[in-house]
Structures are given as C-alpha cells and as structure tokens.
Amino acid sequence: GSPIPVEAGISGMMRAIQREYGLVTIHREFIHSDECEIGQVRMCSDSTYVLRWLDLDAIWSPDDRPFKYADVTRLDFRGDYERTLLLVARDRDPSSV
C-alpha cells in the first residue's frame with residue numbers, strides 16, 4: 001500500500017486510509033474506551049467528520065452526527081476483521097461501496 005501521510009493530520013490520514021483500504025477504524029478512547037467506529041468518512045470540516053458506518057452485519061448505516069477529530073486517539077486499518085466486513089458489504093451490494 002501507499003504511505004499514509006502523518007503530516008496531513010488526523011483528517012488527512014483518515015482520508016488516505018479510506019482511499020487506500022476502503023475503510024478506517026476510528027478509536028475515541030477518552031470518550032468510549034471499549035468502542036470503535038468502522039466506516040467511511042462521508043462529510044468533514046476542519047474540526048469534525050461524519051461517518052458512514054459499517055455495522056457488525058456488514059450493512060452500511062448513514063449517521064448525521066458530527067464527531068471531533070480532536071477526540072480521535074487511534075486509527076486502525078487493513079485488519080482481517082475490517083477487510084472481511086468490507087468484502088461482505090461489497091458482495092451484498094456492490095453498488096453501495
């Protein structure tokens with residue numbers, strides 16, 4: 001894969017990961033230490049983003065809640081779980097990815 005540009009900040013890293021791998025896993029450990037969001041950024045501003053979630057059943061779920069980049073503590077990508085979710089979502093509805 002391509003290098004992920006750290007100097008672009010969290011927002012640039014999220015976009016680069018999504019572009020390269022299709023999904024990004026976002027952790028906000030100070031908000032919810034035992035949760036993460038898996039999906040695609042569908043809208044963003046300088047300080048916030050809105051996700052298109054991929055749920056546990058590999059079904060896309062739009063959500064209009066804005067989240068703050070400042071709350072992001074970790075980004076994961078290219079994991080087996082995320083890749084499997086994306087494959088199932090693409091298989092289920094190729095036009096939605």
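Figure 1. A residue is called exposed at over 50% relative accessible area, buried at under 20%, and partly exposed in between, with a 1.4 Å probe and protein chains only. The buried residues of α2 are E82, L85, L86 and A89. Viewed down the axis of α2, these buried residues fall within an arc of 95°, so they line one face of the helix; the arc is that of the directions from the helix axis to the C-beta atoms. An α-helix has 3.6 residues a turn, so residues three or four places apart point the same way. Packed against the buried residues of α2 are α1 (9–21), β1, β2, β3, β4 (60–62) and β6 (74–76), where contact means heavy atoms within 4.5 Å. Because this is a predicted model, local features need pLDDT of at least 70 and side-chain atom pairs count only at pLDDT 80 or more, whereas totals for chains, interfaces and linings use all residues. Residues are numbered from 1 along each chain as its sequence is written, and side-chain values use heavy atoms, with hydrogens and water left out.

**Figure 2. The whole chain and its order of elements.** The chain holds two helices and six strands, arranged from the N terminus on as α-β-β-β-β-β-β-α. The radius of gyration of the chain is 13 Å, close to the 13 Å given by the globule rule for 97 residues, so the chain is as compact as a globular protein of that length. This radius is taken over C-alpha atoms, and the rule is 2.2 Å times the number of residues to the power 0.38. Helices (H or I, at least four residues) and strands (E, at least two) are DSSP runs, numbered from the N terminus. Along the principal axes, the C-alpha atoms fill a box of roughly 35 × 30 × 25 Å. Of the 97 residues in the chain, 38% are buried. Among contacts between residues at least 6 apart in sequence, 42% join residues at least 24 apart. The accessible surface of the chain comes to about 6000 Å², and 52% of it belongs to carbon and sulfur atoms; such areas come from the Shrake-Rupley method with a 1.4 Å probe, and for residues only the protein chains shown count as cover.

Figure 3. Helix α2 (residues 80–92) has 13 residues and reaches 18 Å from its first C-alpha to its last, close to the 18 Å expected at 1.5 Å a residue. The expected span is 1.5 Å times one less than the number of residues in the helix. The buried residues of α1 are S11, G12, M13, M14, A16, I17 and Q18. Their cover includes β1, β2, β3 and β6. Just after α1, G22 takes a positive phi of about 90°.

**Figure 4. Strand β1 and its two neighbours.** Strand β1 (residues 24–27) runs antiparallel to strand β2 (residues 36–44), and four bridges join them. Two strands pair if DSSP finds at least two bridges between them. The partner of I26 in β2 is E37. β1 also pairs with β6 in the antiparallel sense, over three bridges, and T25 stands opposite D76 in β6. In a regular strand the side chains alternate between the two faces of the sheet. In β1, V24 and I26 point one way while T25 and H27 point the other way, and all are buried.

**Figure 5. The hairpin between β2 and β3.** Strand β3 (residues 48–54) pairs with β2 in the antiparallel sense over five bridges. A hairpin of three residues joins β2 to β3. The bridge partner of Q40 in β3 is R52.

**Figure 6. Two loop residues with positive phi.** Most residues other than glycine have a negative phi. A58, although not a glycine, has a positive phi of about 60°. A58 is found in the loop between β3 and β4 and is buried, with a relative accessible area of 4%. R78, also a residue other than glycine, has a positive phi near 65°. R78 lies in the loop between β6 and α2 and is partly exposed, with a relative accessible area of 47%.
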